[in-house]
Amino acid sequence: MTYSETPLRIRDRFPSLATIEGALFPTAKANRTSIGEYEKALELRGELTDAVKDSIAKARGIREQTRAVIYVAGPLTGVDEKTKMRYKEVSDLLDNYGYIEAPGDEKTKLFFGYVPHLHGTDPVKHPNVSPNEVRAIDHLWAVVIADFHVNFLHPVAHGNAIEEGWAEDHMIPTAYQNQKGNKLSRLVLGMDNIASRNEYDEFNIDGLGQLRIFLDEYAAWLKTFQNRDAREFWYVSTAVLDMPVARPPLLVENGLDPNRINPTFAVDQLLIYIKA
């Protein structure tokens, strides 16, 4: 196989999430559903209860004040408080990234870590919230609001597996957190939106080195590209566009054999920032 620079410009072919969706992930949905559209649909279905209304009001406020909302997923049903505390610790870590300065006195919070059980859907503390309300609230935050997921896969549970499926279907990247020795299915390991994987022996927030490195990179990218969709950190990067998933379609469309040529692309053709 020949490795060479190419006159083809991969960013010209895949300039946005919509073009990446159409060519590479056609069953996914790149366009975001607005909070208003989601609220209207719930109202038409008779599911706009007081609990859901409260969550929507909170979501509007957070969305307006935050650059990237991170949905922190993990098992809740049948787990102890120590297990749940992991999610709050990740949310606290995200808070430490502070704010993006804006013209004037305005500030935008860089990250907000949404932890479901701290916001009204804990199965122990909020038993009167119905299954339909939990679905409406979690879907709001995991799909309509979220730009990224951090997903704890141990112990194995149903809810966060469903949320990972939602995320892939809406081109929302995720960072897996898994305890060493916890065997995952091939389907879970093969999801298209996995941006990072971190394994630990016993959970300790200071031991999530890979997650911290990833968040540092994400924070720097968000500050560099303040007007870009926050999901593009993953989808319009070397991780996707300069890998086999994107190169073969570009070659085939230009009459080139992907089995004989493997082009390299210049840095300016990818949506990445240059480290100082």
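This is a predicted model: local features need pLDDT of at least 70, side-chain atom pairs count only at pLDDT 80 or more; totals for chains, interfaces and linings use all residues.
User: Hi! Which strands does helix α4 lie across, and at what angle does α4 run to β2?
Analyst: Helix α4 (residues 50-65) lies across β2 (66-73) and β4 (107-114), and runs at about 130 degrees to β2. Contact here means heavy atoms within 4.5 Å. Axes are lines fitted to C-alpha atoms, for helices over the stretch in contact, with angles from 0 to 180 degrees between N-to-C directions. Helices (H or I, at least four residues) and strands (E, at least two) are DSSP runs, numbered from the N terminus.

User: Thanks. Which strands does helix α6 lie across?
Analyst: Helix α6 (residues 131-145) lies across β2, β4 and β5, running at about 130 degrees to β2.

User: And what is the strand order in the sheet?
Analyst: The order is β3-β4-β2-β5-β6-β7, in an open sheet of six strands with mixed pairing. Two strands pair if DSSP finds at least two bridges between them. At the edges are β3 (99-101) and β7 (194-200), each pairing on one side only. From one strand to the next, the twist averages 15 degrees.

User: How many bridges join β5 to β6?
Analyst: Four bridges join β5 (residues 148-152) to β6 (residues 174-179), and the two strands run parallel. H149 stands opposite T174 in β6.

User: Switching to aromatics, how many pairs are there?
Analyst: The count comes to 16 aromatic pairs. Rings of Phe, Tyr and Trp (its six-membered ring) pair if their centres lie within 6.5 Å; planes under 30 degrees apart count as stacked, over 60 as edge-to-face and the rest as tilted. Take Y87 and F152: their ring centres are 5.4 Å apart and their planes at 55 degrees, so this pair is tilted. Y87 lies in helix α5 (residues 81-95) and F152 in strand β5, so the pair ties together parts that are 65 residues apart in sequence.

User: What about the phi of M171?
Analyst: Phi of M171 is near 55 degrees, a positive value in a residue other than glycine. M171 lies in the loop between α7 and β6.

User: Last topic: how much space lies in the largest pocket, and which residues lie nearest its centre?
Analyst: The largest pocket holds about 560 Å³ of space. A pocket is an open set of points on a 1 Å grid over the protein atoms alone, reached by a 1.4 Å probe, with protein on both sides within 12 Å along at least five of seven lines; lining residues have an atom within 4 Å of a point. Grid points are joined across faces, edges and corners, and a volume is the space filled by probe spheres set on the points. Of the 29 lining residues, L76, T77, V134, D138 and G159 lie nearest the centre.

User: Which element supplies the largest share of that lining?
Analyst: That is α7, with five residues.

Key. Residues are numbered from 1 along each chain as its sequence is written. Side-chain values use heavy atoms; hydrogens and water are left out.
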